[in-house]
Amino acid sequence: MTHRNADLLSDAIDRWLRGESDALRSTMHGVAGALSGAFPEVEDQLARERVRRRLRAYHPEPRGPQEILLERAADNIERIARGVAGEEYVPWPALVGAAAVVVGAVVIAAYLRRRGVVEPVS
Amino acid sequence: MRKTETELEEEKLLVEAAQRDPTAFDKLYDRYFDQIYSYVYYHCGSREQAEDITAATFQRALENLPNFKWRGLPYSAWLYRVATNLLARDRRRPAWLELKHEDSLASDVPEPDTAWLDKEAKGELYDAIRGLPADQRQAVLLRFFAGMRNKEVGEVMNRSEGAVKLLVFRAVTSLRATLRAEDGTS
C-alpha cells in the first residue's frame, strides 16, 4: 500500500512538473500542493558577486581519478554513518528481519549438518 | 523545472566551452548560482553557510571540469550532488538554525504561486520541513524546488528511483502529520 501511494504521489509530482498546475491540489491533503509553491528561487546579488570574486582568486589543481574514487568512498562511508546516527532513514526493521533470516538459516544448516554427521540417516 | 532537449544541448555546449577555456565557466556560474544557492539556503537556513557551501560547490566544479563527462543528465544535477555532499559534511552548526520567519525568504522574495499560502502557514511548513531527516529534506527540495525527476534525484543522492519515491512519500506523510498536529486536528 505504501509503495502504491508513493507511486501515486510521484506521478502527481511528475504531472505538476510537466505543467499541470492543479495536479497536486488534492494530493496528500494539500501538503504536496503547499510544497509546490513553498520554494521560490532566492536571488542574492551580493552573495553572487562575493562568491564570483572568491572563485576568481581560486586556482584549481586538477584531481586524479584515484582522488575522485577516494572521495566517493568517503561519501559512501559518511552516508552509512549518517544512517547509523539516525540522520538518514534506514529501513532497520527490514534489515534486522533479513539478518535474522540469514542467521536462522545458518544456525539450521549447521544444526542439520551436525545432526547428519552424528546421526546419519540410514 | 524539467529541462528540454534544447536546454540540455545548450548546457552541454557551455560545459564543453568551459572545458576548453576556463574563463567560459562564468556562463555556467551565472546560469546555476541562484539554483544552488537557493537549494543550500533552503536546506541549511543560513545565508552565510549557503554562501560558503555554494562557493565550495563551484570550486569543486572548477576542479572537476577537465574530468567531467557528459552523460545526458543536466549539469545542474552534478552541482546539486556536490552541494548535497558538502552539506552533509558541514557540521559547523545545526541545520536551519538561522531561518526565522520574520526576516527570511518568506518576506524578501517574490511569491508568484503562493498567495493562497499565508505567511503563518508557510512558517509552519518550514518548521515541519526543518524537522525532517536530512535525506527526506534533500529529496523534497530536489523534487519540489529543483524540479528533478526521481532518476535525477537518485543520481544526486546515490539512491534508486524507488528509494527516492519512498523518501518523498515518507517526507510528505510526516509533514502532513506534523501540520495536522499543529492544527489540532486528528
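Chain B has nine helices and zero strands. Its order along the sequence is α-α-α-α-α-α-α-α-α. The model is predicted. Of the 186 residues in chain B, 40% are buried. Among contacts in chain B with a separation of 6 or more, 68% join residues 24 or more positions apart.

**Two domains in chain B**

Chain B is split into domain 1 (1-98) and domain 2 (108-186). Between them, 14 residues of domain 1 are in contact with 15 residues of domain 2. On the domain 1 side, helix 2 and helix 4 of chain B each supply at least two residues. That side divides into eight nonpolar, four polar and two charged residues.

**Helix 2 of chain B**

Helix 2 spans residues 25-44 of chain B and bends by about 50° at B:Tyr32. B:Tyr32 is itself among the buried residues of this helix. Others include B:Leu28, B:Phe33 and B:Ile36. The list also holds B:Tyr37, B:Ser38, B:Tyr39, B:Val40, B:Tyr41, B:Tyr42, B:His43 and B:Cys44.

What covers these buried residues? The cover includes helix 1 (5-20), helix 3 (47-64), helix 4 (75-89) and helix 7 (134-145) of chain B. Helix 3 of chain A is also part of the cover. After helix 2 of chain B comes B:Gly45, with a positive phi near 80°.

**The core**

The largest nonpolar core holds 64 residues. B:Tyr39, B:Val40, B:Leu79, B:Ala83, B:Ala139, B:Leu141 and B:Val168 touch the most other members. Helix 2 of chain B gives the most to this core, with ten residues. Both domain 1 (1-98) and domain 2 (108-186) of chain B give residues to the core, so it lies between them.

B:Val168 also reaches across to chain A. Leaving aside neighbours within four places in sequence, B:Val168 is in contact with A:Leu9 and A:Ser10, and with B:Ala139, B:Val140 and B:Arg143.

**The contact between chains A and B**

Chain A gives 43 residues to the contact, and chain B gives 56 residues.

Which helix of chain A gives the most to the side that touches chain B? Helix 1 does, with nine residues. The chain A side divides into 21 nonpolar, six polar and 16 charged residues.

The mean pLDDT of chain A is 80, and 85% of its residues reach 70 or more. Within chain A, confidence is lowest in helix 4, at a mean of 76. Confidence is highest in helix 3 of chain A, at 91. Where pLDDT is low, the predicted coordinates should not be read in detail.

A:Ser21 sits in the loop between helix 1 and helix 2 of chain A. Is A:Ser21 buried or exposed? A:Ser21 counts as exposed, because it has 12 C-beta neighbours inside 10 Å. The cut-off for exposed is 12 or fewer. A:Ser21 and A:Ala74 are 53 residues apart along the chain, and their C-alpha atoms are separated by 41 Å.

Conventions
Residues are numbered from 1 along each chain as its sequence is written. Chains are lettered from A and ligands numbered from 1 in the order in which they are written. This is a predicted model: local features need pLDDT of at least 70, side-chain atom pairs count only at pLDDT 80 or more; totals for chains, interfaces and linings use all residues. Two residues are in contact if their C-beta atoms, placed from the backbone, lie within 7 Å. Helices (H or I, at least four residues) and strands (E, at least two) are DSSP runs, numbered from the N terminus. Ala, Val, Leu, Ile, Met, Phe, Trp, Tyr, Cys and Pro count as nonpolar, Asp, Glu, Lys and Arg as charged, and the others, Gly among them, as polar. A residue is buried if 20 or more other C-beta atoms lie within 10 Å of its own, exposed if 12 or fewer, and partly exposed in between; C-beta atoms are placed from the backbone. The bend at a residue is the angle between axes fitted to the seven residues ending there and the seven starting there. A nonpolar core is a set of buried Ala, Val, Leu, Ile, Met, Phe, Trp, Tyr and Cys residues joined through C-beta atoms within 7 Å. Domain bounds come from an automatic or database domain assignment. pLDDT is the predictor's confidence in each residue, from 0 to 100.
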